[in-house]
Amino acid sequence: MYTRDDEPTIYGLIPEAEMKREKAPRHVSKFRDDAKGDYVKLKDDHKTMGQAKVPVRQPESFMKKHEKEPVLPDRRTFKYPDEERKRPPVPTTKEQPLMGLKTSKNFITNNAVQNITSVPRMPQKVYVDTRGGHKNLLEPSGLEPVYVHRKDYGETPKYLEKRKDEMKRAQEEYDAYIAEHFRRGAMRSLSGDERQAILQGLKTNWEEIHEQYQGLSVVTDTAPKKNRKERMEAEMKQLERDIETIERHNVIYIGN
């Protein structure tokens, strides 16, 4: 050890223990075995340097002429896939067309008869939506009543009939379930007076809380005011849900 003036001191005679730093455990990937297997699997034998000892042919299996040449398939006539749709070839200059062909058809009379006996074409229904005469088809526009002239107009769709039958069957099963519980004495239904009394009591409670809520301060600058306001709002919402549930169901069942 040396001082500031780089002079030896007595403390330098004391041997210091060497601090050894422990190395962290070496990271080994969990995919190491898979990668090693893929590397060995994709590696072919004798791919780089060839075989150490090349196998020699036997005398009876000597190399013949053209043995290493690729074997081509048998020669056959090429045909296009759409050759059947191909038009006939253009006639050559040496081919003479048929001459002197005449027809006994009277085109004037035939056209006159065809026009007299033909059914006149109905004009398309259009409507004009601009001053410049812009036309649009009337049928797809929805301005012409098309569906009222259909054969099944006014009839109930089949999917609605099916859904109605399913709802009816579910209601019958529910009624049978309730009747079974009534028979066991495990449930009973509220009478009209009891239902009306409960409904009136809920509405009275809501009115009392609403009257107190109207008397609250507009400014909620303290925690007690804020908590009281939130508590009263939660109570009114719960009462509104209960009132809506009782008004929606005319028959209410309760368990004994």
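The radius of gyration of the protein is 51 Å, whereas a compact globule of 256 residues would have one near 18 Å; this radius is taken over C-alpha atoms, and the globule rule is 2.2 Å times the number of residues to the power 0.38. Along its principal axes the C-alpha trace spans about 125 × 115 × 65 Å, and 6% of the 256 residues count as buried, a word that stands for under 20% relative accessible area, while exposed stands for over 50% and partly exposed for what lies in between (1.4 Å probe, protein chains only).

This is a predicted model, in which local features need pLDDT of at least 70 and side-chain atom pairs count only at pLDDT 80 or more, while totals for chains, interfaces and linings use all residues. Residues are numbered from 1 along each chain as its sequence is written, and side-chain values use heavy atoms, with hydrogens and water left out.

The protein has five helices and four strands, which follow one another in the pattern α-α-β-β-α-β-α-α-β; helices (H or I, at least four residues) and strands (E, at least two) are DSSP runs, numbered from the N terminus. Threonine 117 lies in helix α2, residues 107-117, and a polar atom of its side chain is 2.8 Å from the backbone oxygen of valine 113.

Eight salt bridges are counted, each being a side-chain nitrogen of Lys or Arg within 4 Å of a carboxyl oxygen of Asp or Glu. In one of them, glutamate 144 pairs with lysine 125, with the closest N and O atoms 2.9 Å apart; glutamate 144 is in the loop between β2 (135-137) and α3 (158-184), and lysine 125 is in the loop between α2 and β1 (126-128), so that the pair links distant parts of the chain, 19 residues apart. Glutamate 144 is partly exposed, because its relative accessible area is 23%, whereas lysine 125, at 51%, is exposed.

Another salt bridge joins lysine 203 and glutamate 247, whose closest N and O atoms are 3.4 Å apart. Because lysine 203 lies in helix α4 (residues 192-214) and glutamate 247 in helix α5 (residues 223-248), this pair ties together parts that are 44 residues apart in sequence. Glutamate 235 and arginine 231 also meet in a salt bridge, at 3.4 Å from N to O, and they are separated by about one helical turn because they are four residues apart in helix α5.

Terms used. A polar contact is a pair of N or O atoms within 3.5 Å; within protein, one must be able to donate a hydrogen and the other to accept it, and residues adjacent in sequence count only if both atoms are side-chain atoms.
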